Amino acid sequence: MKEEIQVQSEKIEYEIDTKREFGESTSDQVAVHDHKPLGEEFIEEWHFTWRSCITGSLLGCLIAASNTYLGLKIGWTFGASMFGAIFSFAILKPLSRILPPSFGGGYFGPKENVTAQSAATTSGGLSTGFVSAIPAMYKLGLLQTPKADAAALTLFTISAAFYGLFFAVPLRRHFVVTQDLPFPTPRATAVTILALHNSVDGEKGAMKKAKWMGIWFVLVFIWTLIQYWVPFFEAIHILFWIGHSTGYTNMVSADLNWAWYFVWDWPFIGAGLMTPGSTVLSFFIATLFLYGVIGPVQATKGEWTGLGGFRAGSISAQSFFLWPGIALMVLSSIFELLVRYDTLWRGIKGGCIELWRGIRRLYYLFNVKVLRRGMDAPDPALESVPDEVYAEHELVPAYWWISGTFISIIFTCAVMGVYFHMPVGQSILAVILAFLFTFVGIQAAGETDINPIGAIGKMSQLIFSGIKVTPISQMQMNNLSAGNIAGSAAGQSVDMVGDLKTGQIVGASPRSQFLAQLVASIPAIGIAVGMFILFAEAYPCVTSTDLNMKCEFQLVAATAWLNVAKLLTGAAEPITRGSIILTGVCIAIGVISPFIKNFLVPERYRKFYPSLSAIGIAMINPSPEVPLAMFIGWTAGKIWKRVNLTSYDDFMYSVAGGMIAGQGIAALLKCVFQIAGVEGEAFTGSCPFDEEGHYCP
């Protein structure tokens, strides 16, 4: 089973070998029955503990810090479920034996491991808006500065964290218990947790994974810090030096003018290890063709001015490919969702059924507890669910999630009204759309392992484009806010329900998972807001309204969100005739291709089908460094897999996780150096030099 890349501030997932994870072979299959949790042979008195909650939250914060850095670069983020499961085990299992019970010792089992994993997922999953819609708001001049807006950003993040959390609770009943959707990644996480606890070999394997992760974390962390003073550790300008030595100016131009040089972008090398080949190759080949062939040819002919930039009266490769890329990326994501009309219907229908049951439960409680009448009426919460395996005390009480959802909606409307000047009616509409699209997101993720956050956000933006307000800046604010609310709700809810699926298989109490998610949301809020403010302070280009400002980050997701908002509010800049024609072609491809893939291509060949979303990102992203790093990582992974399959399967995720976390954390220190004015680039001899002979850091 493969998890596919998700774009527009969504999660990069990794390849899961179904046969290895679930113990399947052509002649011997192991069935996983979710109505009988695999973890039931383990006797654990406590599923929720503070040690598991704190450890999981800290692990999730590592991923959150990395996600902010990676998301600002290319708009992709990483899920923390498998990371949290493995490394919370590696930390807590030894400590459980060493420490006395009063200091956090005592038995650590698979159900408590699920609690730690749930906390990690929650604390690592709130960066979505901070790499997409929120930077877009700043670039459109709709907000002031991240420091000045800290209260608004914090309060919005609180609302996003909690309405997604509370609303996920009733959806477990339909999507996890009644429908019994497969949820490939949560299922793989559950089987991994059970394997870790089921034998001595499982524990030894986890320690080896943690060791490899630690080695690569330290290596990449140190390497990234050295980059601040020695640019050779950041970029190698191979084409420049070959061209300079041989007098071949085209090679020098490829390096200096079209950015074809190698960057030690460790997180994306790690991403290449984990990402399906169809996505990596689509991304790399499209970039090579667009910015390695077409762009230079057009610039040589004098048609285009060069690689990047948005300037009136001139055409750059980036400005030409912007709208075709957005069209291909957005429409392919939306129609990939719409083509699964049965998935859409089941998701919306099931979600509405559970929502109606919740409303009936609220009405029942109001009558019984407040009006003191109707006590003989049946409690909707006690309606029979044949496949429910948990006792009432193990489930989340109805009044928890009902009151929590109600308060979250009021809080969201208040925050949007006071800080974002969004009318109450529109805020309520945005929340309703968020709930409806959440049903779709959970159904899609449960069936296909793809959470279409980008498509969900864009559909909310499209609906809000029909609501006209003045001035146009407020219309843009409402448009981006609606998309952000929907995307944030879908992201949080899908993560929460996925965790509940993991708990269902292992046998962990839904109540303990909910409490872990609730506790982990608190540090997650501070980390998400703090990381964004830190990066924005260190790199002003993240929030600058000057789209031509030189920037460390490509801001692919933010660029797509702000341009869609401008288009839907009638403020988009005119584009050239050639770009319009190419946009039309990309629209047709984005609409038709999902139907071809799902109805004409046999399922066994779909893994080779090009990723249109990755091609769309290649059009928007003018910097070849990311696809090149991912291609190198993917190639290295293929070689590693061929040379030693067992080692690859055991340690690939650990190596990739170390790369991602190491550079993400080191990037925070580089931000601090930038803000503090620490002088960098002490040695620049490896850098290319300009026409006057000066070395360029």
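Let's start with Phe262. Phe262 is buried, because its relative accessible area is 13%, and buried means under 20%. Keep in mind that this is a predicted model.

Now, what does Phe262 pair with? Phe262 forms an aromatic pair with Trp264. The ring centres are 4.9 Å apart, and the planes make an angle of 80°. That pair is edge-to-face.

Next, Trp264 and Trp266. These two also form an aromatic pair, and this one is stacked. Here it is 5.4 Å centre to centre, with 25° between the planes. Are Trp264 and Trp266 buried or exposed? Both are buried.

Now look around these rings. Phe262, Trp264 and Trp266 belong to one aromatic cluster, together with Trp216, Trp223, Phe232 and Phe233. And the count of aromatic pairs in the model comes to 34.

On to the helices. Two packed helices are described by the angle between their axes and the distance between the axes. Take helix 4, residues 110-123, and helix 7, residues 184-198. Their axes come within 10 Å and cross at roughly 135°. So helix 4 is oblique to helix 7. The crossing is right-handed.

Which residues make the contact? From helix 4, they are Pro110, Asn113, Val114 and Gln117. From helix 7, they are Thr189, Ile193, Leu194 and His197. Sort the residues of this contact by type: four are nonpolar, four are polar and none is charged.

To recap: Phe262 sits edge-to-face with Trp264, Trp264 stacks with Trp266, and helix 4 passes helix 7 in a right-handed crossing.

Technical notes: Residues numbered from 1 in each chain as written. Predicted model: local features only at pLDDT ≥ 70, side-chain atom pairs only at ≥ 80, totals over all residues. Heavy atoms only, no water. Axes fitted to C-alpha atoms, helices over the stretch in contact; angles between N-to-C directions. Helix = DSSP H or I, 4+ residues; strand = E, 2+ residues; numbered from the N terminus. Parallel < 35°, antiparallel > 145°, perpendicular 65-115°, else oblique. Left-handed = near helix turned anticlockwise from the far one by under 90°. Contact = heavy atoms within 4.5 Å. Nonpolar A, V, L, I, M, F, W, Y, C, P; charged D, E, K, R; others polar. Phe/Tyr/Trp six-rings, centres within 6.5 Å; stacked < 30°, edge-to-face > 60°. Buried < 20%, exposed > 50% of the residue type's maximum accessible area, 1.4 Å probe, protein only.
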